[in-house]
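I opened the notebook with the coordinates on screen. My plan was to take the whole chain, then a few residues one by one.

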Amino acid sequence: MKNIILVGFMGTGKSAAGKKLAAKLDRDFIELDDMIEAREKMSIKDIFDKKGEPYFRQVEKEVVKEAAKREDVIMSAGGGAVVDEENFRNMKNSGIIICLKASPETILKRTKNLKTRPLLNVPDPKKQIEELLKKREPHYNKADFSIDTDNLNIEQVSEAIIKNLS
Ligand code: S3P
């Protein structure tokens with residue numbers, strides 16, 4: 001079976017929904033950010049701090065390429081992965097791309113207490129969320145389908161994905 005690849009902004013529930021979906025469909029779950037951390041033996045935050053975003057994006061690209069070789073898995077990609085053309089092509093060739101969406105307000109609420117996301121560790125995270133969302137919107141819209149998660153819990157998101165797949 002084709003892979004299922006969850007994309008979308010930080011805080012849209014990709015990891016939690018992906019894990020739930022994998023359990024329901026009895027498939028393996030792959031978190032691309034975890035692969036990056038394992039490969040670099042460093043947290044995402046430290047990679048950004050010590051090596052910079054361009055380096056992170058390079059490792060992310062290699063990891064997307066590698067993960068795309070798998071079959072029958074559910075994957076969650078970091079929020080910026082789909083912006084890169086080559087990443088999008090590799091994902092598209094390996095499966096169905098599903099974008100999870102949420103409003104800036106919801107994203108802010110869901111990411112507020114987490115200091116693990118370097119891109120949102122700025123003086124005005126709301127503004128940053130709005131600007132990044134605007135820039136990334138055209139890329140997110142290339143997904144095979146999208147789910148608005150604003151008013152859904154994780155169980156409901158995973159059910160909505162299954163419904164859309166069938
Ligand atoms: C990023 C999202 C993060 C992580 C990194 C960059 C982004 O993943 O890859 O901090 O550019 O949106 P999550 O979307 O899983 O938080």
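**Contacts and overall fold**

I counted contacts between residues at least 6 apart in sequence, and 72% of them join residues at least 24 apart. This is a predicted model, and I kept that in mind throughout.

Next I looked up the secondary structure. I found eight helices and five strands. Along the sequence I read the order as β-α-β-α-α-α-β-α-β-α-α-β-α. The radius of gyration is 15 Å, close to the 15 Å from the globule rule for 166 residues, so I noted the protein as being as compact as a globular protein of that length. I also took the span of the C-alpha trace along its principal axes, about 45 × 35 × 25 Å.

**Surface and charge**

How much of the protein is buried? I got 46% of the 166 residues. The accessible surface comes to about 8,800 Å². Carbon and sulfur atoms hold 50% of that surface.

I then listed the charged side chains: 31 are positive and 28 are negative. The centres of the two sets lie 2 Å apart.

**Ala77**

I picked Ala77 in the loop between β3 (73–76) and α5 (85–94). Is Ala77 buried or exposed? Its relative accessible area is 1%, and the cut-off for buried is under 20%, so I logged Ala77 as buried.

Which residues does Ala77 touch, leaving out those up to four places away in sequence? I wrote down Leu6, Val7, Lys14, Leu32 and Met91. I also checked Ala77 against Gly52: the two are 25 residues apart in sequence. Their C-alpha atoms are 19 Å apart in space.

**Val59**

I moved on to Val59, which is in helix α4 (residues 53–67). Val59 has a relative accessibility of 4%, so I counted Val59 as buried too. Beyond residues up to four places away in sequence, Val59 touches Ile36, Arg39 and Glu40.

**The aromatic pair**

Phe48 and Phe56 form the pair, with ring centres 4.8 Å apart. I checked the burial of the two residues, and both Phe48 and Phe56 are buried.

**Positive phi**

Last, I looked at positive phi values outside glycine. Asp26 has a phi of about 55 degrees and is not a glycine. I placed Asp26 in the loop between α1 (14–25) and β2 (28–31). With a relative accessible area of 71%, Asp26 is exposed.

Where is Asp72? I found Asp72 in the loop between α4 and β3. How exposed is Asp72? Its relative accessible area is 35%, so I wrote down partly exposed. That class covers values between the 20% and 50% cut-offs.

Notes. Residues are numbered from 1 along each chain as its sequence is written. This is a predicted model: local features need pLDDT of at least 70, side-chain atom pairs count only at pLDDT 80 or more; totals for chains, interfaces and linings use all residues. Side-chain values use heavy atoms; hydrogens and water are left out. Helices (H or I, at least four residues) and strands (E, at least two) are DSSP runs, numbered from the N terminus. The radius of gyration is taken over C-alpha atoms; the globule rule is 2.2 Å times the number of residues to the power 0.38. Buried means under 20% relative accessible area, exposed over 50%, partly exposed in between (1.4 Å probe, protein chains only). Contact means heavy atoms within 4.5 Å. Accessible areas come from the Shrake-Rupley method with a 1.4 Å probe; for residues, only the protein chains shown count as cover. Lys and Arg count as positive and Asp and Glu as negative; His and the chain ends are not counted. The place of a charge is taken as NZ of Lys, CZ of Arg, CG of Asp or CD of Glu. Rings of Phe, Tyr and Trp (its six-membered ring) pair if their centres lie within 6.5 Å; planes under 30 degrees apart count as stacked, over 60 as edge-to-face and the rest as tilted.
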